[in-house]
Amino acid sequence: MQSFVIIAITVAIMLGMVNLHRRHWGFNKLVFLALVLGIIGGSLIQILYGPISQTTSAAIDWINIVGNGYIALLQMLVIPLVFVSLVGAFTRLKAQANLKKMTTSVLGLLLGTTAVASLIGIMSDFLFKLPGADFIKGMAANSTAIEAIKTHQTSLKGVTLPQQITNLLPTNIFADFAGTRSSSTIAVVIFSILVGLSYLWLRDNQPKDAHVIARAISVAQGLVSRLVKMVLELTPYGIFALMIKATATSSFASIAKLAIFIIAVYVAIITMFIVHTIILMVNGINPMIYYKKAWPALIFAFTSRTSAGTLPLNVKIQRDALGVSSSIANFSASFGLTIGQNGCAGIYPSMVAAIIAPTVGINVFSWQFVLTLVAIDVVSSFGVAGVGGGATFTTLMVLGTLNLPVAIMGVLIAIDPIIDMARAALNVNDSILAGVVTAKRMNELDKDKFDDGQLVVANHS
């Protein structure tokens, strides 16, 4: 009965949001309202019934239909969007010289900021005196966390870092289009780039055939764009449901016990956002306008904990709100999904490794250890899964390469959802940053569109 009351109230609030939508409430206001109401609603559920009670579990299970359903719809679009976006980027290239500039700029920003993020993660550990893991003494990992780690370890068992990188290559592209393995997305990215390069050859040697392909990709992009627009209409309701789940099921007790680690991670992530802001300013881009327009993608990544699910919104905001050319927006968003994620592949693995290393006698203050860890983080960032839990996989890869024990992660997983929210937002911001800065450097940033103050996300007519 209590679960039914919670569900009924949730449905009533969503219907109220639908009414506001029909009254042409701005997208930003509706998303912010959904975020606030979700936090309040989820907190009340936890205070009244606890994070693991039968009432909470039953209510969240039904509410998840909206939240998880929305993420599922977005993830449905990821693979087709990556393919048509990347191949479409090649069909729109005016000259092959632009491909080199675009690739160098995007990858340079993604990997360079990952190295900086890794270093900031280590410094945050030092600042909060976390190396040695004294802050978790007396705490034990729960069975669910241990099983999750074992599952990831099984997939990495006996596989060296070079072999893991080789495994990113596509072997059966149809299986990768079906998403049958964790590296399917980057495999599709690689395949799409090869198709794009083949198109460029065809354009130079068989222009008639190339025109047919370009036209087909354009039609496919139009179809996928329409699907994206339809799904993005559901954003406020998805965020509301996801935020209720996050605040209702993340135990306040676990958060309190590991508060020092959570604070250290958030300080590192905020510092990295400051670094991103400095990069914007150095390149002559107004950070106030940038963050105002990027905000819907960042807040969705924060609530959903999925970089992959944010991909459609990422591309649309870059192209329609920030004025990034279509080819660069598609390129940076797709690459940012699988390479150089600042939160999941930079900050978090370096922090965990630096915490664990002293327990086996390693001097974490030595420059050799720091440089080695940063280098491993950057290499391991290739193929990071853009969904919740991707950071765990990458961290285990880093720890395995350094021959460090992983038991401590079983404790940290208890508060991983709280940390993963900020990590996902940082990952998405880095890919948007790479697109905007690259467009500015290549003179493909529409300044009028960037400065117009309009946020184009979904059609609210």
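Analyst: Before counting, a convention: helices are DSSP runs of H or I with at least four residues, and strands are runs of E with at least two. Also, this is a predicted model.

User: How many helices and strands are in the chain?
Analyst: The chain has 21 helices and 0 strands.

User: What share of the residues is buried?
Analyst: Buried residues account for 54% of the 461 in the chain.

User: Switching to rings. How many aromatic pairs are there?
Analyst: The count is 10 aromatic pairs. One of them is Phe261 with Tyr348, edge-to-face, at 6.2 Å centre to centre and 65° between the planes.

User: Phe261 and Tyr348: buried or exposed?
Analyst: Phe261 and Tyr348 are both buried.

User: Why is the pair of Tyr290 and Tyr291 edge-to-face?
Analyst: Their planes sit at 85°, with ring centres 4.9 Å apart, so the pair is edge-to-face. The cut-off for that class is over 60 degrees. Tyr290 counts as buried, at 0% relative accessibility.

User: Which residue has its charged end over the ring of Tyr348?
Analyst: Arg423, with its charged end 4.4 Å from the ring centre. Likewise, the charged end of Lys29 sits over the ring of Trp25, 4.8 Å from its centre.

Definitions and conventions:
Residues are numbered from 1 along each chain as its sequence is written. This is a predicted model: local features need pLDDT of at least 70, side-chain atom pairs count only at pLDDT 80 or more; totals for chains, interfaces and linings use all residues. Side-chain values use heavy atoms; hydrogens and water are left out. Rings of Phe, Tyr and Trp (its six-membered ring) pair if their centres lie within 6.5 Å; planes under 30 degrees apart count as stacked, over 60 as edge-to-face and the rest as tilted. Buried means under 20% relative accessible area, exposed over 50%, partly exposed in between (1.4 Å probe, protein chains only). A charge sits over a ring if NZ of Lys or CZ of Arg is within 6 Å of the ring centre and within 35 degrees of the ring normal.
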